[in-house]
Amino acid sequence: MSGLTKIEIITRPNRFNLFQKELAKIGVSGLTVTKALGTGLEKGFIELYRGTKKETNIHERMKIEIVVSTVPVEDVLRVVKETLRTGEPGDGKVFIYPVSEVIKISTGETGVDALQDKPSK
């Protein structure tokens, strides 16, 4: 077992800066962010397009991917709850996956070593 866990969060983008600052406080520095569109329980909205009303239920979201090895998953989940939860539909979802291996392409390092940032020579 590699001890690596991937945490994938899909949420509204409006609280990302606070979320990122709180992650840094618990030692999470690396993450991947992707702009996304999604639909769920949150209600749609009506927009006017070329004079025609159109109901849209697709919302702007952010997909945040974090792989942790030394930071406990529970700590990341606590930060998610404290910074991203509003109690309203549309807060998002968290998915947790075991990671069997990670390889740093530039150096060939594997496992936890591949996640560590080391100064360039």
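So, Lys6 and Glu8: their side chains meet in a salt bridge, with N to O at 4.0 Å. By salt bridge I mean a side-chain nitrogen of Lys or Arg within 4 Å of a carboxyl oxygen of Asp or Glu. Keep in mind that this is a predicted model, where local features need pLDDT of at least 70, side-chain atom pairs count only at pLDDT 80 or more, and totals for chains, interfaces and linings use all residues. Residues are numbered from 1 along each chain as its sequence is written, and side-chain values use heavy atoms, with hydrogens and water left out.

Okay, back to Glu8. Which other residue does Glu8 form a salt bridge with? That's Lys63, and the closest N and O atoms are 4.0 Å apart. Glu8 sits in strand β1 (residues 4-11) and Lys63 in strand β5 (residues 59-68), so to speak distant parts of the chain, 55 residues apart. Strands here are DSSP runs of E, at least two residues, and helices are runs of H or I, at least four, numbered from the N terminus.

How accessible are they? Buried means under 20% relative accessible area, exposed over 50%, partly exposed in between, using a 1.4 Å probe and protein chains only. Glu8 is buried at 10%, while Lys6 is partly exposed at 24% and Lys63 likewise counts as partly exposed at 27%.

One more pair: Asp91 and Arg12, at 2.7 Å, N to O. Asp91 lies in the loop between α2 (73-84) and β6 (93-99), Arg12 in the loop between β1 and α1 (16-25), so the pair ties together parts 79 residues apart in sequence. Asp91 is buried at 15%, and Arg12 is buried at 17%.
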